Amino acid sequence: MQNKAVHSLKTRSSMLVFFGMLLLSALIVLGVYKLTFDDAEHDARQQVAELVDAMEYSAAIALYAGDSQIADDVVRGVVRGSFVASVRLANDSGLDVKRNKYPDYPTPPLITRSLQSPFDSLETIGILEVALYPPEIRRRAATSAKKMAVALGSIVLFPTLLFWLIISRMISKPLLKLSNQLSTIVPGSEQRLSLPVSRHRDELSTLKGDINALLAASAASMRKERNLRLHIEALERQYEAIFTQASTGIALLDREGRCLIANPAVSDLFDDWHDQVQSVFSLLANWETSLFSEPEQFRCLLTQALNSNNVPQSLDLRLQRRTEDPQDWVHLLVSCHPDPEHTVVAECLFIDVSDRKKQEDEARFQSHHDALTQLLNRRGLEARLNLTYAARDNDNVILLLLDLDRFKQINDQWGHLAGDKVLIEIAKRMKTLVRGIDLLARLGGDEFLICIHRQSSEQAVHQFLIRLIDSLSQTVDLGDTRSDYVGASVGVAQYPRDGNDLVELLHKADAALYEVKHNGRNGYCIYCDGKLAPVILERT
Amino acid sequence: MYFGLTVTIRAIAIFLLLLTILWLDTGTAQPRIAVIVHPDSSFTDLSQKQVVDIYMGRLLSLPNNHIPLPLDQQGGSPLREHFYETLTEKPLAQINAYWARLMFSGRATPPRMLPDSFSVLQAVSQNRDAIGYVEEDKVTAAVRVLFYIE
C-alpha cells in the first residue's frame, strides 16, 4: 500500500511539481539572498547616511562652535544606529569626540562626511566619520532572506497541494475507477464501461469509449472464434467417430511399417494377441509379425505400395490365430503418399473378409465334394490329384475304380433313402481304410475312386483290395431293424505304368472293372499291360 | 465687453502700482550698515568672515591675544535682522536657534545686546576691543568703520 501510494501518478507528478518548484524557489531564494547581501551594505550605508544627514547640522554647529557637549550628543545619536560600529567627530581646532560600540571589530568600512560651516558653505570645518558594523548588516540580510525563503516555500507548497488535489480529482481517481471497472469485466462478455451522462467529452471519456469499442470488437471476435471452434470440434468429433467406430480398420504407417496411429477396429483384429496392442490407437513395433500368419506378404505389399507411385495395392491376408479354425482373413488396402517429407507415408485399410473367405471355401468345398458322402467329386478329384508332383517325386499312384453291386436292388427294394444310407456307410468304411494322403472320390451314382500313393508291393495291393471288398460287403444297417448288403467290384490301374493322365488311367481301370463285373462281381481286377485277371471273392 | 475692459484696466493699474511700491522699497528702505570699532582698535583689518565668527561665538580670541567684544543691537530691530541676514545669509530665526542650542550646552554666550545705535556707538567709542554695527548715517567720528555691509 505504501509503495502503491508512492508510485501513484498523482504523487509522482506532485513530487515532480514540488521538486521543480522547490528548485526554482531555491534558485530564487539564493538569488534574492545574494542580492539582499549585495544590497545590504549599500542599504546600510544609505541608512547611516540618512542618520548622518539628520545630525549634520548639529554636528556642524558643534564643530563650528567647538562645543564638545553638542559634539558628544551628536556622536551618541549616530552611534545608536543599528549598523554603526563607531563614530568620530573632529575638527582642526582640537575637538575630537569618538564613540565605539564594537571596539573588537577590526577595519570596518568607513563613511566619512566633511562638514561645512553653518554660516559659510564653502568652509570645511571638520569631519564626521562613521564606521559600519558588517556582522549586523549580514545578520539583518540573513533574517530578511530567511523570511523570503519561508514565504517562497509556502508559495511552492500551496500550488503543489493544489496540483496534487487537481491531479487526484481529475485524473487519478477516474483512472483508478476505470481500472476497477476494467478488472471486473470478463473478456468476451457484454459488460461495458459506464460512460458519463454529460455530452461533454474529455480525454477520459474518449478513452472509455475506445476501450468499449475494443471490448465490443474483441467480444465479437471471440464469439466468432468460439463458433468456429465449436464447428471444428463438431467436425473433429465426427471424424473421430468415423475413425473410432469404423468397422474397417484404419492405420497410418511410416516408411518402415511402424504404426503411427490405428483405430480400434485394427486393435480388434488382434483377437488373442491383445498384449501386442500398445493402446487402442497405436500398435507395437513389428505388429505385423503378430497379426499376420505370413507377415512377409504384408512387407512385400508395403514395399510394392511404396514403389508404385500413389497406386493403392491390395491383398487378402490371413490373420495369425491360436486355433486353425475358423480362419480369419483381412483384405488389406495400402496406399502411399508421394511426399517424402511426410512422416505418414502409408494408409492401411483392414477389411474383414473372413466370412467371404469362409463362403468361398465352402463353395469351393461343395464344388469339389459330393454332398451326400462328403467325398471328392470328379472335379475335386481332378483338382487334387496332381500327377505331375507324383511324377517329379518318382511316385507310384494306384487308382481303384469301384462300383457297388446290388445297389440298384437296394434302391428298388428299400427306396432312395436307404440307398443314400448305404452310400454314406460305404464312404465311412472306405475312409477308415485309407490314409490321410490318399484320395477318396465318388464319381457318380455308386461309382467311387480311391487313389493310393506309394503302395509298395503288388502283394500289399492285393491284400488291401481284399480287405477293402470284404469291409464294404459287410451288412449295412438300414434302420428300423432292416439291413442289407452290397458288393464291390474294383478295377485297378497304376500310374505311371498304365497311363500318364487321369482319363487314360480311368479308362484302363474301367476296362479292368468291366472284367470283374463280367466274371461275377464282388472282386477286383488289376490292369496289367492289357492282361486282365479278375479275382472274384466270396462274400463272407 | 464694457465690464471686461474695466476689469482689465483695473488689473493693469494695480500691477503698475505694485511695481512702483517694490521699486521704492528696494531702493530706499535698506540703508548700508557700518561695522565699527574703536579708533585705536588693534584689529583694523578684520574680514567679513572674521566678523561673522566673532559674532557667532567661534572666534573667541584673535592672534594678537585680544579678546573681541561683539555688541548687538536690540532684538527684533530691523537693523539687527538686516545685519545677520546679510552677513550669514541665514534667517534670524536660525541664528536664534543656533544660540539657543549653544546656550543649552552652557559653554558659549551670544553677543551682548544694547538698546539702540547710540548706545552701541558710545560703547564702541569707550572700549578698544569692542565691535559693533550701526546704520551708515549714524556713524560718528568717535568710531572707526571697518567696512560697510551692503
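**Figure 1. The largest cavity holds about 40 Å³ of space.** The model is predicted: local features need pLDDT of at least 70, side-chain atom pairs count only at pLDDT 80 or more, and totals for chains, interfaces and linings use all residues. Residues are numbered from 1 along each chain as its sequence is written, chains are lettered from A and ligands numbered from 1 in the order in which they are written, and side-chain values use heavy atoms, without hydrogens and water. A cavity is a set of points, on a 1 Å grid over the protein atoms alone, where a 1.4 Å probe fits but cannot get out. Grid points are joined across faces, edges and corners, and a volume is the space filled by probe spheres set on the points. The count comes to 1 cavity of 30 Å³ or more. Its lining consists of Ile398(A), Glu458(A), Val461(A), Val492(A), Gln494(A), Arg497(A) and Ile526(A) (residues with an atom within 4 Å of a point). Helix H14 (458–472) and strand S17 (487–495) of chain A are the elements that give two or more residues to this lining; helices (H or I, at least four residues) and strands (E, at least two) are DSSP runs, numbered from the N terminus.

**Figure 2. A cis peptide bond joins Tyr495(A) and Pro496(A).** Omega is about 0° at this bond. Pro496(A) is placed in the loop between S17 and helix H15 (502–518) of chain A.

**Figure 3. Asp480(A) has a positive phi of about 50°.** Asp480(A) is not a glycine. Most residues other than glycine have a negative phi. The loop that holds Asp480(A) runs between strand S15 (476–479) and strand S16 (482–484) of chain A.

**Figure 4. Chain A and chain B meet at an interface with 2 salt bridges.** The contact (heavy atoms within 4.5 Å) takes 15 residues from chain A and 14 residues from chain B. The buried area is about 1400 Å², of which carbon and sulfur atoms give 56%; this is the accessible area (1.4 Å probe) that two parts lose on being put together, summed over both. Lys49(B) forms a salt bridge with Glu123(A), with the closest N and O atoms 2.7 Å apart. In a salt bridge, a side-chain nitrogen of Lys or Arg is within 4 Å of a carboxyl oxygen of Asp or Glu.

**Figure 5. The largest pocket contains about 300 Å³ of space.** A pocket is an open set of points with protein on both sides within 12 Å along at least five of seven lines. Of its 19 lining residues, Ser117(A), Pro118(A), Phe119(A), Asp120(A) and Ser121(A) lie nearest its centre.
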